[in-house]
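Subject: Structure handover

Hi,

Here is the structure I promised to pass on.

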Amino acid sequence: MTGTPRLLVLWCPDWPVVAAGAATGTPPTAPAAVFSANRVVACSAAARRGGVGRGMRRRDAQSRCPGLVVHQHDPGRDARLFEPVAAAVERQAVGVEVVRPGVVAVPVTGAAGYFGGEEALAELLLDQVAAQAGVECQVGIADGLFAATLAARRSALVPPGDAAKFLAPLAITELNQPGDGRGELVDTLRRLGLRTLGAFAALAERDVAGRFPKDAVIAHRLARGLSERPPLRRALPPDLSVTEEFEHPLERVDEAAFVAKTLGERFFAGLARHGLACTRLAVVAVTEAGEERVRVWRCAEPLTARSTADRVRWQCEGWLTVRAADRPSAGIVRLRLDPEEVVGGQALQLQLGSMGRDADAAERAGRALVRIQGLLGPEAVVTPVLDGGRGPAERVRLVPWGEPRRPLAADRPWPGRLPAPSPTVVSRRPVPAAVLDAVGDVVRCTERGEFGHPPATVAVDGGPARRVLGLAGPWVVHPSTAAHRGERYFARIQVVLEGDSPDYGDIALLLRATVGTDPQWTAEGSYD
């Protein structure tokens, strides 16, 4: 397919579990799972047979599989222990790219011709990885990284030009690969009845661009068997690479971690100055003995300064801690970062002039929140989601950090729902109010939504009575609704009250009252 490279992808199933087991000495046959923010991110085949699955809470996973071995997510460990696998592939083929720990991609054309065909190349790499790294893996070949990755999960060799045909019957959930963050998009497509990649691919690209978020266009290209992004046609500046030389050779992991941070920030800032972001990063190391090591990291999303530093650190750790046969014979005296592939910097969605600080701050905040959850539990850190409901407080649902932030009931009918605009401030506890008519009697509302006499004055929490300048409503909520079952009928009204002076303006409130002969009025919120 024009513009879509033919790739071989080698995939190590459940790699985070395999790496954690190798680091801790856990038997490969034991049921084990890796957790991040108290949710399963990967589990072994034995754990899956016990009922454990990705996204499951820790307590649920352990209740289903009492003998489950628990590991904490450690991307650095996964990358460090994956280096022998990448090195084994690199001994037989050039152009090896680490997509993520557990997945490597190799251009097929040259290597397949040298070894006698694609099938022969696949068998050779499987044998080499098993013999040299002691790891079981699967291989797939197809046009484009996305199709080749899915082919590897099925040990399939897709004929040239047949990527779209291969992808068409696969479930739409395949778009949400680890690290891609397309969960909300996939949920939206499923609700619209698009269950397969072929059904999504059949939509016109202009319709996808006009009706879905920006990342949906990339997902649509993948579903059609194309590359994630069209090639960047502009000429690249010559000074995008970043090099650091060391007077004293790097031989320790802690030294590499410090260097990776500063080098990553310089690399990212240089790209940002030209309005670019990197999606394929080459890390080049030169040792004191003159050896040169190169590893290319391919990324689904453009790299930030933090994610660049992470990959540099992981790679240096891999080179410095790998077994003696594969380790450089001397310390590293020069590190260079080369952008193998770049995209427009708008793909990072940074604020103008931020130069990456906002993206890095978001990453740091996310990691900090995960650590807090590890100490206090997943319910200790929550974020608000606007959902369905009749009142303003009911529409805000608190979701634990790390869980999908999507509405569950926003599209349901809500009789008696408060119309826009919603209050800007909602009281945590009901604030008593006195709503009186023109003769000083308490205003009553019927179940039909009718006032005996219209409100004339309102006093909130014992404050002065203020004249009502305008009102909207009432909206009556029936007690048989799920959220209010067993309560009395109640009604809401929006009122505009006279302010203290023209300089301060009028006061707008949302009021609520029980329906009947003895109404209890409260202020639910204000429109500041």
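Helix 4 and helix 6 (residues 118-133) pack with their axes 9 Å apart and at an angle of about 135°. Here an axis is a line fitted to C-alpha atoms, for helices over the stretch in contact, and angles run from 0 to 180 degrees between N-to-C directions. Helices (H or I, at least four residues) and strands (E, at least two) are DSSP runs numbered from the N terminus. The two helices are therefore oblique to each other (under 35 degrees is roughly parallel, over 145 roughly antiparallel, 65 to 115 roughly perpendicular, and the rest oblique). Pro84, Val85, Ala88 and Val89 of helix 4 meet Leu125, Gln128, Val129, Gln132 and Ala133 of helix 6, where contact means heavy atoms within 4.5 Å. By class, that contact has 7 nonpolar, 2 polar and no charged residues (Ala, Val, Leu, Ile, Met, Phe, Trp, Tyr, Cys and Pro count as nonpolar, Asp, Glu, Lys and Arg as charged, and the others, Gly among them, as polar).

Before going on, two notes on the source. This is a predicted model, in which local features need pLDDT of at least 70 and side-chain atom pairs count only at pLDDT 80 or more, while totals for chains, interfaces and linings use all residues. Residues are numbered from 1 along each chain as its sequence is written, and side-chain values use heavy atoms, leaving out hydrogens and water.

Helix 4 (residues 75-90) also packs with helix 14 (residues 305-321): their axes come within 8 Å and cross at roughly 45°. That makes helix 4 oblique to helix 14. On the helix 4 side are Pro75, Gly76, Ala79, Arg80 and Glu83, which meet Trp314, Gln315, Glu317, Gly318, Trp319 and Thr321 in helix 14. This contact comprises 4 nonpolar, 4 polar and 3 charged residues.

Arg327 counts as partly exposed, at 38% relative accessibility (buried is under 20% relative accessible area, exposed over 50%, partly exposed in between, with a 1.4 Å probe and protein chains only). Its C-alpha lies 9.8 Å from that of Pro84, although 243 residues separate Arg327 and Pro84 in sequence.

Finally, which residues touch the most other members of the largest nonpolar core? They are Leu8, Leu10 and Leu335, in a core of 54 residues (buried Ala, Val, Leu, Ile, Met, Phe, Trp, Tyr and Cys residues joined through side-chain atoms within 4.5 Å). Apart from it lies another core of 35 residues, including Leu7, Ala151, Leu175 and Leu197.

Best wishes
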